[in-house]
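Hi,

Here is the structure I promised to send over. Have a look at it first, then read on for what turned up.

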Amino acid sequence: MGYLGGLIFFTLTFTSVVHAQTHYFQGKTVRLIVSSTAGSNYDLYGRLVAQHIGKHIPGKPEVVVQNMPGAGNIIGANYLYSVAKPDGLTFGTMNAALYLNQLGGNKDVQFDWSKYIYIGSPDRSEDLMYLRSDATFKSIADVRKATDGPKCGSTGTGTTSHFLPTLLNDGIGTKFNVVTGYPGGPEIDLAVERNEVQCRAFTIAGWFTGDNYANWRKTSFVRVVVQTHRKRDPRLAEVPTVYELLDEFKAPETIKKLASLLIASNSFGRPYVLPPATPPEQVKILRSAFMKTLSDPELLADAKKRRIDIEYTSGEELERLAKEVITKDTEVIERMRKLMGK
């Protein structure tokens, strides 16, 4: 064919592929499903991504956010897995710990965590639990000694707000009472302000985001009593880690294995997924657009203003992690089902 002929062929082929991609998304609307309520940290990240990702998708489609809360994010997760069309025009985000519901045998689960198509995550954060400062319990040790411990708000099983207090109950004998059914994090925080519940577990990144928590820290309205880092976060240097507590109170090895499996959810950050069977060419486009979005100077500037941490994880990395966490360790799974009330 010769050098010139090969160059012309490559140019025409590349141009036709780009044109086809542009034609597919051009003039269309892409939906970003957020499986929690408006105002939650997942929602804040989702709206930030939606605001900027459209310009990085060929054809520059409109991107809109649709909140689909309920059942601790399971409603949105089920929708993304089995209802949404696998056409590249719907993707979404949900709680990173939802695979625990699958392992725990939750009958509401209609997804296989290892079969989502992962786009990536904009955040990677460990977790913490805060407790109202005016509660009679000043530490985790106090909650162990209690006859009737504090109430912790939760959206549902298989979420950080559920698994962290129940892990501590099972592993070291704390007496947290988990109250499930809240639509999202903002509703739990409001319940804490009303003293309906006294504690909540969620991400460290979320704790350092926004004005509400900044005011709580300033007024010492709540105190952080535990974190899930292997080593203490420098910003929470006085707060013990789960692993320190498990060692201090001599938790059994099965509990330590379970803790590692539960806390692996932190590596997923805030996962963004596509339905299974989404065509590979559209997966490639959206993964690339997501990566470019999270390094976009305009997004980073917006994130800084909103005190939102950005730490990109690729879809390929999340895909590998998703296969790893679907364990076949029957002893650990049995302990998890007990922890989740199954």
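Val226 touches Asp127, Leu128, Met129, Ile140, Leu164, Leu168, Val239, Pro240, Thr241, Val242 and Leu245, leaving out residues up to four places away in sequence; a contact here means heavy atoms within 4.5 Å. Val226 is also one of the residues with the most contacts inside the largest nonpolar core, along with Tyr99, Trp113, Tyr116, Met129 and Phe268. That core has 88 residues. Apart from it lies another core, of 17 residues, including Tyr182, Phe208, Val222 and Leu236. By nonpolar core I mean a set of buried Ala, Val, Leu, Ile, Met, Phe, Trp, Tyr and Cys residues joined through side-chain atoms within 4.5 Å. Buried stands for under 20% relative accessible area, exposed for over 50%, and partly exposed for anything in between (1.4 Å probe, protein chains only).

Before you go further, a word on where this comes from: it is a predicted model, with local features needing pLDDT of at least 70 and side-chain atom pairs counted only at pLDDT 80 or more, while totals for chains, interfaces and linings use all residues. Residues are numbered from 1 along each chain as its sequence is written, and side-chain values use heavy atoms, with hydrogens and water left out.

Now the overall picture. The protein comes to 15 helices and 11 strands, taken as DSSP runs numbered from the N terminus (helices H or I, at least four residues; strands E, at least two). A compact globule of 342 residues would have a radius of gyration near 20 Å, and the 22 Å of the protein agrees with that; the radius is taken over C-alpha atoms, and the rule is 2.2 Å times the number of residues to the power 0.38. Along the principal axes, the C-alpha atoms fill a box of roughly 80 × 45 × 35 Å. Of the 342 residues, 54% are buried. Among contacts between residues at least 6 apart in sequence, 78% join residues at least 24 apart. The accessible surface is about 15,100 Å², with 55% of it belonging to carbon and sulfur atoms (Shrake-Rupley method, 1.4 Å probe; for residues, only the protein chains shown count as cover).

On to the rings. There are 21 aromatic pairs in the structure, counted when rings of Phe, Tyr and Trp (its six-membered ring) have centres within 6.5 Å; planes under 30 degrees apart are stacked, over 60 edge-to-face and the rest tilted. Trp207 and Tyr213 make a tilted pair, 5.5 Å centre to centre with 40° between the planes. Tyr213 pairs with Trp216 too: the centres are 5.5 Å apart and the planes are at 75°, so this one is edge-to-face. Those two residues, Tyr213 and Trp216, are about one helical turn apart because they sit three residues apart in helix H9. Both Tyr213 and Trp216 are buried, and Trp207 counts as buried at 3% relative accessibility. Elsewhere, ring pairs link Tyr81, Tyr99, Phe111, Trp113, Tyr116, Tyr118 and Phe268 into a cluster.

Two arginines also sit over rings. The charged end of Arg200 is over the ring of Phe202, 4.0 Å from its centre, and that of Arg270 is over the ring of Tyr42, at 4.8 Å. The test is NZ of Lys or CZ of Arg within 6 Å of the ring centre and within 35 degrees of the ring normal.

Which helices does H11 pack against? The buried residues of H11 pack against helix H4 (99-103), helix H6 (160-172), helix H10 (242-248), helix H14 (315-325) and helix H15 (330-339). Those buried residues are Thr254, Ile255, Leu258, Ala259, Leu261, Leu262 and Ile263.

Finally, a few loop residues. Pro271, between helix H11 (253-263) and strand S10 (272-274), is buried with a relative accessible area of 0%. Beyond its neighbours within four places in sequence, Pro271 contacts Gly92, Thr93, Met94, Ala96, Trp113, Tyr118, Gly120, Ser121 and Leu318. Lys250 is in the loop between H10 and H11, is exposed at 70% relative accessibility, and has a positive phi of about 55° although it is not a glycine. Arg307, in the loop between helix H13 (297-305) and strand S11 (313-314), likewise has a positive phi, about 60°, and counts as partly exposed at 40%. For context, most residues other than glycine have a negative phi.

Cheers
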